[in-house]
Amino acid sequence: MADTNTPYIIQSQGSPVFCIGVDAANEGAPVNLMFLQGAGSLNTQWYLDADTGVITSAANPRLCLDVPNAALVPSARLVLSVIVNERPSQSWNWTTQPLIFSNGAPELFVTNSGCAIKTENPIVLDDSSSRQCQMWTLLPVAALQRAGGERLEAAAVGDD
């Protein structure tokens with residue numbers, strides 16, 4: 001299970017050299033597919049709170065994954081927002097990995113938009129499931145650092 005004191009990389013299973021991140025950890029910043037170098041940077045690292053489902057930016061811990069105006073609808077783009085207690089659009093379920101879905105709308109999955117494998121491609125919500133662009137691996141940053149940044153399937157959250 002994820003630990004709120006451990007930063008994670010949310011790595012694309014479709015293309016393991018990519019992960020979820022932001023260019024700058026500011027309120028309203030769009031969440032994109034980012035090139036993963038080594039153990040990533042603070043802008044590609046996340047804290048996962050298993051009790052609340054909130055996924056917080058390691059670069060700015062007062063910001064978390066959300067959608068604009070808390071609108072849980074297909075094609076909504078993920079952004080960083082100030083944490084609001086118990087806001088359904090800020091609560092996620094990653095226990096079903098490789099899928100990550102919204103606790104506020106369980107039919108909506110975190111998706112690499114259009115399945116395009118390119119830096120800065122938007123991360124959105126989508127209501128279809130089990131596509132490669134919706135498959136994610138949660139990798140503890142410390143394990144990546146110990147391994148020199150290599151992809152670590154065995155270190156993924158939920159693996160024994």
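Is I10 buried or exposed? I10 counts as buried, because its relative accessibility is 1%. Buried means under 20% relative accessible area, exposed over 50% and partly exposed in between, with a 1.4 Å probe and protein chains only.

This is a predicted model, in which local features need pLDDT of at least 70, side-chain atom pairs count only at pLDDT 80 or more, and totals for chains, interfaces and linings use all residues. Residues are numbered from 1 along each chain as its sequence is written, and side-chain values use heavy atoms, with hydrogens and water left out.

**View 1. The whole protein chain has one helix and twelve strands.** Helices (H or I, at least four residues) and strands (E, at least two) are DSSP runs, numbered from the N terminus. The order from the N terminus is β-β-β-β-β-β-β-β-β-β-β-β-α. Along the principal axes, the C-alpha atoms fill a box of roughly 40 × 30 × 30 Å. Of the 160 residues, 48% are buried. Contact means heavy atoms within 4.5 Å. Among contacts with a separation of 6 or more, 53% join residues 24 or more positions apart.

**View 2. I10 sits in strand β1.** The strand covers residues 7-12. Leaving out residues up to four places away in sequence, I10 touches C19, I20, W46, I55, I100, W136, T137 and L138. M34 is 24 residues from I10 along the chain, and their C-alpha atoms are separated by 10 Å.

**View 3. D66 pairs with R87 in a salt bridge.** The closest N and O atoms are 3.0 Å apart. D66 belongs to strand β6 (residues 63-66), while R87 lies in the loop between β7 (79-82) and β8 (92-93). The pair links distant parts of the chain, 21 residues apart. A salt bridge here is a side-chain nitrogen of Lys or Arg within 4 Å of a carboxyl oxygen of Asp or Glu. D66 counts as buried because its relative accessibility is 0%. R87, at 29% relative accessibility, counts as partly exposed.

**View 4. D126 and R131 form a salt bridge through their side chains.** The N to O distance is 3.2 Å. D126 is buried, with a relative accessible area of 18%. R131 counts as partly exposed, so labelled because its relative accessibility is 31%. The structure holds two salt bridges. Side chains of opposite charge can pair when their charged atoms come close.
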